Amino acid sequence: MSKKPPKATITPADFAALYDGFTAPISRFDCGRKCAPLNGGSPVCCSTDNAVPVVHKVEFDLLKERTDLWSKFKPYDYATRQIVAELTPDCMAIHCKGARHCERDNRTIACRGFPFYPYLTRQKEFVGLGTYWVFEDRCWMMSNLEIVDKKFVQEFIATYEAMFVKDPSEFTTYVDFSASARRVYSRWKRQIPLLGREGELLIVEPGSGAIRRGRKKDFPKIAPFSSEKEYRAAVGEAGGEVPREGLRAA
Ligand code: SF4
Ligand code: SF4
């Protein structure tokens with residue numbers, strides 16, 4: 001029988017400290033410029049049509065003290081009811097007032113870390129950052145991992161390591177989530193893209209779990225980010241406006 005993880009001791013003050021240590025932008029480029037034109041003008045990770053932020057209830061306690069930006073998320077269809085139904089008792093779904101009202105210091109850990117999750121091996125080693133694969137056709141950043149800043153990676157790792165100490169159930173959640181990633185990519189017959197702890201590009205063979213250094217060809221860009229033509233067509237279809245520099249990082 002598997003042992004239950006020890007109880008969480010994390011407090012609102014701990015989350016405040018985690019926020020202070022996780023401020024680095026994902027990259028020097030504003031990636032929202034690339035995905036928002038495909039999504040009615042709002043970055044994909046900032047609209048609950050796409051991504052419902054899930055937080056620890058204690059994190060929401062902190063946010064409530066600091067701002068009125070966030071409120072409890074009310075599910076509106078089958079998919080969102082499922083998300084809420086599957087939450088663990090410690091967690092809840094919330095939503096913010098939208099990208100125009102964003103308060104940088106009051107972003108959740110989930111906002112700060114998107115589109116990444118802590119990837120753990122079968123041996124439960126925290127070896128790097130995996131990507132939330134369901135967003136790969138909407139998140140430009142996931143097709144451009146080489147431009148993620150090292151400082152962001154370092155702060156991401158330090159944040160999750162500190163959180164795992166205070167809340168061992170978070171660790172178990174990502175052990176399980178990483179196992180799901182291996183199953184999904186195995187089924188797809190694809191390799192898992194990772195950013196290693198130093199920001200290096202890594203590849204996981206999902207069947208064996210083996211990890212090696214990645215080469216450029218191991219990280220194909222996902223449609224509609226695979227060519228300028230495809231991107232422009234997708235933005236046109238969504239009724240958006242292509243950024244001046246197009247798909248290129250700028
Ligand atoms: S992380 Fe991805 S989804 Fe979020 S703003 Fe950047 S490109 Fe868009
Ligand atoms: S707080 Fe900011 S970063 Fe987070 S979902 Fe809202 S607009 Fe996006």
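The model is predicted.

**The sheet**

Five strands form an open sheet. Their order is S4-S5-S6-S7-S8, and the pairing is antiparallel. Strand S4 (116-120) and strand S8 (211-213) are the edge strands. Each of these edge strands pairs on one side only. From one strand to the next, the twist averages 40°.

Look next at S4 and S5. Strand S5 covers residues 126-131. Five bridges join S4 to S5, and the two run antiparallel. Leu120 stands opposite Phe126 in S5.

**Helices on the sheet**

Helix H6 packs on the sheet and touches S4, S5 and strand S6 (192-196). Helix H7 also packs on the sheet, touching S4, S5 and S6. The table gives their directions.

| Helix | Residues | Angle between directions |
|---|---|---|
| H6 | residues 150-166 | about 110° with S5 |
| H7 | residues 168-188 | about 90° with S4 |

**Around the ligands**

Which residues surround ligand 1? They are Cys31, Gly32, Cys35, Pro43, Val44, Cys45, Phe114, Cys139, Trp140 and Met141. This shell divides into nine nonpolar residues, one polar and no charged.

Ligand 2 has its own shell. The residues around ligand 2 are Cys45, Cys46, Trp70, Cys96, Gly98, Ala99, Cys102, Arg107 and Cys111. How does the shell around ligand 2 divide into nonpolar, polar and charged residues? Seven are nonpolar, one is polar and one is charged. Cys45 is listed around ligand 1 and around ligand 2.

Conventions: Residues are numbered from 1 along each chain as its sequence is written. Chains are lettered from A and ligands numbered from 1 in the order in which they are written. This is a predicted model: local features need pLDDT of at least 70, side-chain atom pairs count only at pLDDT 80 or more; totals for chains, interfaces and linings use all residues. Side-chain values use heavy atoms; hydrogens and water are left out. Two strands pair if DSSP finds at least two bridges between them. Helices (H or I, at least four residues) and strands (E, at least two) are DSSP runs, numbered from the N terminus. Axes are lines fitted to C-alpha atoms, for helices over the stretch in contact, and angles run from 0 to 180 degrees between N-to-C directions. Contact means heavy atoms within 4.5 Å. A residue is near a molecule or strand if one of its heavy atoms lies within 4 Å of it. Ala, Val, Leu, Ile, Met, Phe, Trp, Tyr, Cys and Pro count as nonpolar, Asp, Glu, Lys and Arg as charged, and the others, Gly among them, as polar.
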